[in-house]
Amino acid sequence: MNYDRILVRYGELSTKGRNRNQFINKLKKSILHVLRDYKDLKIELGRDRLFIHLNGTPFEAVREKLRRVFGIQSFSPVVRTGKDIEEMKAAALELVRRNFSEGKTFKVSARRSDKLFELDTNEINYTIGSHVLRNLEKLKVDVKNPDINLLVEVRAEGVFLSCEKYSGAVGLPTGASGKAMLLLSGGIDSPVAGYFMLKRGVEIEAIHFHSPPYTSERAKQKVIDLASKLTEFGARMKLHIVPFTAIQQKIQEQVPENYTMTSTRRMMLAIADKICKQRGGLAIVTGESLGQVASQTLESMRAINEVTSTPVLRPLIAMDKLDIIDVAQTIGTHDISILPYEDCCTIFTPPSPKTRPKLEKVQFFESFVDFEEMMEEAVRDMETIQLPEEKAAGEFSDLL
């Protein structure tokens, strides 16, 4: 007896009211994205469960990909039977036998959503459990910490059994909470910020500032790789590469050295705001952590934020650097981020940047240059990359 489908439990989505179907459809889209290479899969939606029909695809091939999809609380590979007691007992015995070795313990965990079924939950546990015990010698019961936990769900559409349960990434499916622009550098922090926003259902478009010849093509590829890594969490993504050399050079010429970092960040945020409005975004996301560097003091943030009225979200604001590194290692971005290719945030770093910049001063320094025209030109000349590549888009229709 082989598992023929995967039962997906929604978790937080189950608490949604009238908008539940919108959330569930977003989850379906995320699952289709991460499993786009498996063309035989079919998805069946339900109110509190989602089923992925494997159609011959090995469960092991898709398990780890599903664990990264936001919106999934847990999932199990299952076999389906009818509501005939003898059929259920036979399937249960086969599943336990397949996972049993001497010394292992087990229990039955039944859930009955079909209240018309002839047995209640306790009766299902007893009927199935006693049948398994009678037919497998040396198997013992442990209701607190069993080696084998036989899951039995009795639903209107049938009975589903499994001996396996895997945790999902929880959170909300991508796109359920609107769209935001992520300022994606080549460092450790910003990909982690993007990860946390994806977990809360925000659709991300990334913006990277590229300053050739001071920054190399390898630095650009590094950011593409970071954005690609984030798409593994159930999200397609657009990456906007903004040419920033002319603006950075003009800042170095016009602005006093200790204010260049503040002015650079202001120009980045102002450009991100323009792209955000152009792309229908609702917020801008950064990887800033309070007090981590000179541009991330409260005084700096105030001076930098002045260029936009768009909400600026900072999911890492209270996190310690070591905590951020731990998350980066967990999600697989850390080793990419530490590759030694400089981004535009590091190439002109002054030796003593202002940690408490005065807004009126930086405005005065910038007033002698028409930065507005330069920013408009940078937006016009930006390069947009779709991740994964557009050729993957057609694969979604095959799975619907």
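**Loops, a helix and its cover**

Biologist: Where is Asn55 found?

Modeller: This is a predicted model, in which local features need pLDDT of at least 70, side-chain atom pairs count only at pLDDT 80 or more, and totals for chains, interfaces and linings use all residues. Residues are numbered from 1 along each chain as its sequence is written, and side-chain values use heavy atoms, leaving out hydrogens and water. Helices (H or I, at least four residues) and strands (E, at least two) are DSSP runs, numbered from the N terminus. Asn55 is found in the loop between β3 (49–53) and α2 (59–66).

Biologist: What is phi of Asn55?

Modeller: Most residues other than glycine have a negative phi. Asn55 is not a glycine, yet its phi is positive, near 50°.

Biologist: Is Asn55 buried, partly exposed or exposed?

Modeller: Buried means under 20% relative accessible area, exposed over 50%, and partly exposed in between (1.4 Å probe, protein chains only). At 46% relative accessibility, Asn55 therefore counts as partly exposed.

Biologist: Which peptide bond has omega near 5°?

Modeller: Most peptide bonds are trans. Pro213 lies in the loop between β11 (203–210) and α6 (217–230). The cis bond with omega near 5° is the one from Pro212 to Pro213.

Biologist: How are the buried residues of α13 arranged around the axis?

Modeller: In helix α13 (residues 359–366) the buried residues are Leu359, Val362, Phe365 and Glu366. The arc is that of the directions from the helix axis to the C-beta atoms. These residues cover an arc of only 130°, so they lie on the same side of α13.

Biologist: Which helices are included in what covers the buried residues of α13?

Modeller: Contact means heavy atoms within 4.5 Å. What covers these residues includes α7 (245–254), α8 (260–279), α9 (298–305) and α14 (371–380).

Biologist: At what angle do the axes of α8 and α9 cross?

Modeller: Axes are lines fitted to C-alpha atoms, for helices over the stretch in contact, and angles run from 0 to 180 degrees between N-to-C directions. The axes of α8 and α9 come within 8 Å and cross at roughly 45°.
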